[in-house]
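Here are my notes on the side-chain contacts. Please read them with the structure open.

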Amino acid sequence: MKVAFTSSSGEIIDQHFGQCQNFHIWEIGPDEATQVATISGISTEGDEEDRITARGNALAECAIVYTMQIGGPAAAKLVSRRIHPMKTNEEVPVAEIVGKLQAVLQGNPPPWLKKALNKDKTGSFLERLTL
């Protein structure tokens, strides 16, 4: 599954969803995790609605986005796109979250994560994962 992190460096979740300059995208499975892309250049200027839409479009393939903070309207728009927002409320290493997600995927994922995994019903990762 693809997971996005709001991070200035790619190493620490340290940005607000609506103001971040970079989304670091990882492909995470129970046994492997790889950073696959960095999305940059999404404007923080202009109308809030336009910013949220642009960010949602950029993250369309992601099942989850981890961020320090996210406003209610932005979170609701992500959920409507079947992208699960996760607030950390503090700086957290990306590697720590990746490790925790992998540990959960190796066991019995909770319902919200199963739902996030089902975002892409045709993905090869889902074909290998037994829920």
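This is a predicted model: local features need pLDDT of at least 70, side-chain atom pairs count only at pLDDT 80 or more; totals for chains, interfaces and linings use all residues.

**Notes on side-chain pairs**

1. Phe5 is buried because its relative accessible area is 0%, and the cut-off for buried is under 20%.

2. Searching the whole structure turns up two aromatic pairs. One of them joins Phe5 and Tyr66: the ring centres are 5.7 Å apart and the planes lie at 15 degrees, so this pair is stacked. Distant parts of the chain are linked here. Phe5 sits in strand S1 (residues 2-6) and Tyr66 in strand S5 (residues 64-67), 61 residues apart.

3. Is Tyr66 buried or exposed? Tyr66 is buried, as its relative accessible area is 8%.

4. There are two salt bridges in the structure. Glu61 and Lys2 form one through their side chains, at 2.7 Å from N to O.

5. The partners can be checked for accessibility. Glu61 is exposed, with a relative accessible area of 59%. Lys2 has 23% and therefore counts as partly exposed; that class runs between the 20% and 50% cut-offs.

6. Glu96 and Lys100 make a salt bridge, with 3.3 Å between their closest N and O atoms. Both residues are in helix H3 (residues 94-106). They are four residues apart, about one turn of the helix. Glu96 is partly exposed, at 38% relative accessibility.

Notes: Residues are numbered from 1 along each chain as its sequence is written. Side-chain values use heavy atoms; hydrogens and water are left out. Rings of Phe, Tyr and Trp (its six-membered ring) pair if their centres lie within 6.5 Å; planes under 30 degrees apart count as stacked, over 60 as edge-to-face and the rest as tilted. Helices (H or I, at least four residues) and strands (E, at least two) are DSSP runs, numbered from the N terminus. Buried means under 20% relative accessible area, exposed over 50%, partly exposed in between (1.4 Å probe, protein chains only). A salt bridge is a side-chain nitrogen of Lys or Arg within 4 Å of a carboxyl oxygen of Asp or Glu.
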